[in-house]
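Here is a briefing on one protein chain. Please keep the sequence and the model open while reading.

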Amino acid sequence: MTVMAERPTTRGSESDSFKGLLRALDELDVPDGYKAEIIRGNIVVSPWSKGYYLDVMELVCDQLRGHLPAEHRISYGPFLFVFPGVERAYGPDIHVAHRGASRSASNHLDGEALSFVAELTSTSTRDDDLTDKVVAYGRAGVPVYLLLDMQEEQATVFSMPSAKGYESRDTKPFGEKLGIPAPFGCVLDTTGFTAP
């Protein structure tokens with residue numbers, strides 16, 4: 001398989017079963033610096049984020065850590081959360097999940113354990129972050145989805161999950177404060193989220 005920087009590659013077809021895609025994903029030899037997800041019936045391999053994204057992820061984690069639901073932890077990193085009901089498997093940039101989700105020998109974590117996800121867009125993932133993931137995370141019942149659009153330099157928080165995706169959204173440009181709704185009930189200061 002050839003992987004090109006800043007362009008996702010896909011493998012699979014609409015006739016593949018979700019379980020078959022998960023098995024194929026497990027067998028895939030993903031090059032260092034790349035991650036693989038299941039999006040719209042395909043395995044999508046895309047490059048990891050730019051260096052300064054780490055600072056942004058840590059700023060988000062630091063601000064939310066004191067507002068987590070009981071028995072939840074916040075983290076970032078290459079963990080694959082599976083959503084069988086919507087046939088998706090995502091590796092969110094930042095996630096808050098019940099501690100029990102990681103008490104497994106599987107590398108497929110339960111997406112229903114999530115209370116918060118955040119995605120930082122890149123040119124290769126932006127379209128999926130803005131469309132497919134909004135619908136899938138909402139339909140899967142993830143209470144809060146924070147989308148950090150690194151190209152447009154704005155933050156959008158989605159809440160009130162429903163069968164259509166999310167019923168509520170609020171967008172602010174980087175540098176402003178954005179309310180993070182229940183179960184967090186806090187304010188996120190987006191100062192420092194812009195590119196250096």
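Two strands pair if DSSP finds at least two bridges between them. Helices (H or I, at least four residues) and strands (E, at least two) are DSSP runs, numbered from the N terminus. In β12, Thr-171 is the bridge partner of Thr-156.

This is a predicted model: local features need pLDDT of at least 70, side-chain atom pairs count only at pLDDT 80 or more, and totals for chains, interfaces and linings use all residues. Residues are numbered from 1 along each chain as its sequence is written, and side-chain values use heavy atoms, with hydrogens and water left out.

**Overall build**

- The chain's secondary structure comes to four helices and 14 strands.
- The chain has a radius of gyration of 16 Å, close to the 16 Å that the globule rule gives for 196 residues, so it is as compact as a globular protein of that length. The radius is taken over C-alpha atoms, and the rule is 2.2 Å times the number of residues to the power 0.38.
- Along the principal axes, the C-alpha atoms fill a box of roughly 45 × 35 × 30 Å.
- Of the contacts in the chain with a separation of 6 or more, 55% are between residues 24 or more positions apart. Contact means heavy atoms within 4.5 Å.

**Surface and charge**

- Of the 196 residues in the chain, 47% are buried. Buried means under 20% relative accessible area, exposed over 50%, and partly exposed in between (1.4 Å probe, protein chains only).
- The chain exposes about 9600 Å², and carbon and sulfur atoms supply 48% of that area. Areas come from the Shrake-Rupley method with a 1.4 Å probe; for residues, only the protein chains shown count as cover.
- There are 19 positive and 28 negative side chains, and the centres of the two sets lie 3 Å apart. Lys and Arg count as positive and Asp and Glu as negative, while His and the chain ends are not counted. Each charge is placed at NZ of Lys, CZ of Arg, CG of Asp or CD of Glu.

**The β11–β12 pair**

- Strands β11 (residues 154–162) and β12 (residues 165–173) run antiparallel and are joined by eight bridges.
- A hairpin through two residues links β11 to β12.

- Helix α4 (residues 132–139) has six of its eight residues buried, so it is largely enclosed by the rest of the structure. The buried ones are Asp-132, Lys-133, Val-134, Ala-136, Tyr-137 and Gly-138.
- Strand β10 (residues 144–149) holds Leu-146, which is buried at 0% relative accessible area.
- Leaving aside neighbours within four places in sequence, Leu-146 contacts residues including Val-60, Phe-116, Ala-155, Thr-156, Leu-178 and Leu-188.
- Glu-119 is 27 residues from Leu-146 along the chain, and their C-alpha atoms are separated by 6.5 Å.

**Backbone exceptions**

- Most residues other than glycine have a negative phi, and most peptide bonds are trans.
- Arg-40, not a glycine, has a positive phi of about 50°. Arg-40 lies in the loop between β2 (34–39) and β3 (42–47) and is partly exposed, at 45% relative accessibility.
- Glu-71, also not a glycine, has a positive phi of about 65°. Glu-71 lies in the loop between α2 (53–64) and β4 (72–76) and is partly exposed, at 46% relative accessibility.
- Ala-182 and Pro-183 are joined by a cis peptide bond, with omega about 10°. Pro-183 sits in the loop between β13 (177–180) and β14 (186–189).
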